[in-house]
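Open the structure in a viewer and keep the selection tool at hand.

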Amino acid sequence: MIKRPSYLEELKKYINVPVVKILTGVRRCGKSTILSMFKEELINNSIDSEHVIEINFASEKYSAFDSKLMYELLKNKIVDDKKYYLLLDEVQEIENWERVINSLLEENNSDIYITGSNSKLMSSEISTYLTGRYVSIPVYTLSYKEIYNSSNNLFDKKSLLDRYIRLGGFPIVTALKLNEDTAYQIIDGIYNSVVNEDIRKRHKINDEELFSRVVKFIVENVGKTFSANSICNYLKSEKRNIRVETIYNYLEWLEKSFIVYRCPRYDLQGKEILKTQEKFYLSDQSLKYSLLGFDPKSIASMLENIVYLELKRRGYNVYVGKIQTQEIDFVAIKREEKIYVQVCRQMPETSDREISNLLKIRDSYPKYVVTLDEYSTGNYEGIQIVTLTDFLLNK
């Protein structure tokens with residue numbers, strides 16, 4: 001079991017705080033494991049194990065449950081007036097689960113932690129029943145640092161990074177130390193379960209081939225700005241007709257199922273978020289290779305994907321920066337903190353763009369170029385040039 005201390009520390013901040021703690025993220029990113037680790041943490045901190053209740057509602061034994069049975073099940077486990085800690089996995093499997101959670105919260109002797117893998121968990125019903133009474137904690141696939149700290153020195157940093165770039169951070173792939181072919185089969189299975197269960201069936205998509213073509217376009221264009229109109233025009237060039245509204249729906253459903261993350265553009269001069277030409281990044285870089293096969297030419301965009309996810313893990317709101325007609329790969333903002341990040345594979349080929357765009361920014365916030373090039377690191381006019389490995393391992 002790979003330790004995930006950052007999530008445990010985040011959960012510990014909310015122990016006995018009267019809000020529902022909701023862990024969200026793509027299927028198989030490790031939410032259930034984090035709940036189990038948190039259960040151990042509670043028991044190790046002198047909480048009676050009888051008062052820590054862990055239930056996975058994705059289990060077949062709960063397949064016929066409705067909200068009434070869910071409520072009765074939990075109430076029957078609460079047998080005294082002491083505080084109970086409810087760790088409830090995949091609650092979205094139960095219709096109207098949010099009413100049960102709200103009732104338990106009102107009764108005031110439960111500290112509630114729940115997980116889920118799709119938009120049912122962040123629907124309007126939650127806003128209705130739990131307004132101001134829940135906190136969302138996003139869970140991502142394993143970071144390079146988490147994998148490195150659990151590797152027991154079986155790989156050197158470079159070999160481990162090469163593996164991470166290609167195979168990503170789904171915990172099952174890392175824990176079992178799978179070879180590439182087997183890893184991609186499992187990752188493909190994770191992707192298909194999300195698409196079939198959370199998108200196609202739920203939203204009754206009839207033209208599955210067209211939906212798959214839209215997904216392929218998004219995956220092929222990770223790290224590039226595009227719009228729903230540009231997807232429409234591309235498909236029309238292939239003699240496929242699709243409405244812009246349908247594209248918007250597909251993008252929203254993929255985002256709410258945590259297959260992709262939307263990265264809006266931010267105008268550094270006007271200090272406003274732009275609503276056109278966004279970028280999308282995958283919830284794990286391995287999804288691209290499992291769907292399209294490994295292509296060395298795509299590594300540059302996957303490096304961007306890795307850096308984007310790392311910034312999100314560290315709690316930043318992340319944007320694509322626009323300064324005049326140039327682009328900054330990432331502007332990352334967290335309260336009063338801000339950093340600028342450019343990403344490139346090798347400095348000699350792209351240094352002019354990476355450096356010159358950052359030099360146009362006149363404020364004093366930290367500026368970084370993150371690269372695979374180990375021989376070009378250092379400080380250039382206040383810009384820190386760092387290797388991807390150092391960026392991922394250091395604060």
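Select the whole chain. For its 395 residues, a compact globule would have a radius of gyration near 21 Å, and the chain has 22 Å, which agrees; the radius is taken over C-alpha atoms, and the globule rule is 2.2 Å times the number of residues to the power 0.38. The model is predicted: local features need pLDDT of at least 70, side-chain atom pairs count only at pLDDT 80 or more, and totals for chains, interfaces and linings use all residues. Residues are numbered from 1 along each chain as its sequence is written, and side-chain values use heavy atoms, with hydrogens and water left out.

Along its principal axes, the C-alpha trace spans about 65 × 50 × 45 Å. Colour by secondary structure to see 16 helices and 13 strands. These are DSSP runs numbered from the N terminus: helices are H or I with at least four residues, strands E with at least two.

Next, select the open sheet of five strands, ordered β2-β3-β4-β1-β5 with parallel pairing; two strands pair if DSSP finds at least two bridges between them. β2 (52-56) and β5 (134-138) are at the edges with a single partner strand each, so one side of each lacks a neighbour in the sheet.

Now select residues 20-24 and 110-116. These are β1 and β4, paired in the parallel sense over four bridges. Ile22 has Ile114 in β4 as its bridge partner.
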